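User: Hi! I'd like to learn how to read helix packing and salt bridges in a model. Could you walk me through an example?

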Amino acid sequence: MNGKLMKERRRALGMTQMQLAVAVGASSVAMVSSWERGCTVASVPKLRKLAEVLGVTMEQLLEDGEDE
């Protein structure tokens, strides 16, 4: 999961991890942090919501952020 992109977009939108967690229905800030660090991958429904909220595609979120 491209946590770097996720974090950049969240910050560009002026959102905290808590605000993003609420917006996508995540159970905790720790879950958002785990996605951003690349430790876990969000479920498909959460990926859809993340893409919508962050203004990116699901494919962009699933790309390996290390190659950029």
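Predicted model: local features only at pLDDT ≥ 70, side-chain atom pairs only at ≥ 80, totals over all residues.

User: Which residues of helix α1 are buried?

Analyst: In α1, which spans residues 3-12, the buried ones are G3, L5, M6 and R10. Their arc around the axis is only 160 degrees, so they sit on the same side of α1. On the other side, R11 and A12 are exposed.

User: What covers the buried residues of α1?

Analyst: The cover includes α2 (17-24), α3 (29-36), α4 (44-54) and α5 (58-62).

User: How many salt bridges does a search of the whole structure find?

Analyst: Two. In one of them, the side chains of E36 and R10 meet at 2.6 Å, N to O. Because E36 belongs to helix α3 and R10 to helix α1, this pair ties together parts 26 residues apart in sequence. Buried means under 20% relative accessible area, so E36 at 10% counts as buried, and R10 is buried too, at 6%.

User: And where do E52 and K49 lie?

Analyst: Here is the general idea: an α-helix has 3.6 residues a turn, so residues three or four places apart point the same way. In this case, E52 and K49 both lie in helix α4, three residues apart, about one turn of the helix. Their side chains meet in a salt bridge at 3.5 Å, N to O. E52 is exposed, with 58% relative accessible area, while K49 is partly exposed at 30%.

Key
Residues numbered from 1 in each chain as written. Heavy atoms only, no water. Buried < 20%, exposed > 50% of the residue type's maximum accessible area, 1.4 Å probe, protein only. Helix = DSSP H or I, 4+ residues; strand = E, 2+ residues; numbered from the N terminus. Arc of directions from axis to C-beta. Contact = heavy atoms within 4.5 Å. Salt bridge = Lys/Arg side-chain N within 4 Å of Asp/Glu carboxyl O.
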